[in-house]
Amino acid sequence: MLYQSTREGKSTHSAAEAILAGLALDGGLFTPDCIPKLSLQEIDKMKRQSYQDKAMTILSLFLDDFPKDVLSKCVQNAYNQTTFDHPDIAPLVKLTDDISVLELYHGPTCAFKDIALQILPHLLMSSASLQKDDRIYVILVATSGDTGKAALSGFKDVENTKILVFYPDAGVSEIQKLQMVTQEGGNLKVIAVRGNFDDTQTGVKKIFSDETLRSQLEDKHYRFSSANSINWGRLAPQIVYYFSSYCDLLQRQEIELGEEINFVVPTGNFGNILAGYFAKQMGLPIHRLICAANKNNVLTDFINTGIYDRNREFNKTISPSMDILISSNLERLLFLLCKDASEVRGYMKDLSEKGRYKVSEQMIKTIQKLFWSSCSNDEETIQRIHSTYKEKDYLMDTHTGVAMDIYYKYLADTADKHKTVIVSTASPFKFNSSVAKAILPDDIVKESGEIALLTKLSDESGMQIPAGLKDLDKKPVLHQDVVEKSNMQDSVSEFLDL
Ligand SMILES: *Cc1c(COP(=O)(O)O)cnc(C)c1O
């Protein structure tokens, strides 16, 4: 299988090359030139496999230039009892006869990014070795909070790599910040940027495409790559859990083979839900992919009108990992739907020049058949966390709270009876001050900091504080730099001694 840039339309790269490069030179995203299919019988067979074996089944179809033993090592190193605190890796929890929750947060940093970022460093290093490439890979990350820590945790002290993480100084939670600034490791650095996530992401994209910098890197035997969800090596592993949750429902005899189900996905950069689209195209019986947004509802408007318009106010919400106005992975969907790189180039040109584009009538009709979208604000989210906890004894984080709330909006709008999986993207402890507001008395929340609230939340819910969040305040702060967004490039030069 070959990969092509969404803006070029020529399939020229192997999976290994696409993973190493991260982003195509023309600014496009690498996308497979065909989507492999699994029959219902093959899906049925998967239901008795472990998560690791399911990952092998899916990944070997997309990364067909990886020898099986190499890929198997990557999978085993990523998904095991040391890296994840649940034997199922991505457990499916039944809430009612119609609703299950897919918990993707059992990795070391307590957010769903771990599923991809525990395996990406192994995929990247295996790719380099397949390509006989002995350069040092420099991973540049722009994070709205969760990617940063997950990437640091995955790449820490990985040979032949260095990792530099930029986060918006006012855009991440106290816990997210502590997780990053206390990160140990000899090959990494964390820097705060004065600005929001979009500023940070734009800065990193600029650094990526700077010609002068690239030739300086070459002289030093360095090469940039990306751990953001624009990297195909991050997207492919996310397809696996759509299959695993379907198989779990089959195995529990909650659905029949071939029965269609819905997924509700808390969405920011459109990476997670796009993996669901791939699963559907591979043959997984999915009825609707429900795109859940917070007040930054650029995707909701897009799915409902066909107009993508980032010219709007940026809102800080209690689900910060979804505070995004430029959803990079949407470009892959547009390309997959029209298969026309020049059409995609046109949309992306409009986006960068006018901050807005409108897709063809035909394209938006196709999108609306498969996707449904709505948005919920902070009050609705808190209320939903509260009611789900009181009525169903299930505690969820704010991002999952958005998804749950939107599921009920979907039901009210469509009366759709398909069984539905709510994709849970973070541990409730990770965004605990907002979660505490939903279930603890006001005075306790007011007088406690985020760290103290971990214990209070654990006492109330009976859930254990995840290992990755315990004692964060006792660890030394190792990263204190703050830069203006115009100075991000200098930080890179300094980090790499250019
Ligand atoms: C990254 C993230 C999201 C958004 O996922 P995308 O793939 O960017 O759409 C949602 N929730 C949490 C907790 C996240 O970390």
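S7 and strand S8 (residues 188–194) are paired in the parallel sense over six bridges; two strands pair if DSSP finds at least two bridges between them. Helices (H or I, at least four residues) and strands (E, at least two) are DSSP runs, numbered from the N terminus. The model is predicted: local features need pLDDT of at least 70, side-chain atom pairs count only at pLDDT 80 or more, and totals for chains, interfaces and linings use all residues. Residues are numbered from 1 along each chain as its sequence is written, and side-chain values use heavy atoms, with hydrogens and water left out.

**Exercise 1.** Trace the chain from S6 to S7 and on to S8.

*Solution.* 
1. S6 and S7 run parallel, joined by six bridges; isoleucine 139 stands opposite isoleucine 163 in S7.
2. From S6 the chain passes through helix H7 (residues 146–155) to S7, a right-handed β-α-β crossover. Right-handed means that, with the strands pointing away from the viewer, the path from the first strand over the helix to the second runs clockwise.
3. On the S8 side, tyrosine 167 stands opposite alanine 192.
4. The crossover from S7 through helix H8 (residues 174–181) to S8 is also right-handed.

**Exercise 2.** Is lysine 132 buried or exposed?

*Solution.* 
1. Locate lysine 132: the loop between helix H6 (120–130) and strand S6 (136–142).
2. Its phi is positive, about 50 degrees, although lysine 132 is not a glycine.
3. Apply the cut-offs: buried is under 20% relative accessible area, exposed over 50%, partly exposed in between (1.4 Å probe, protein chains only).
4. Lysine 132 has 74% relative accessibility, so it is exposed.
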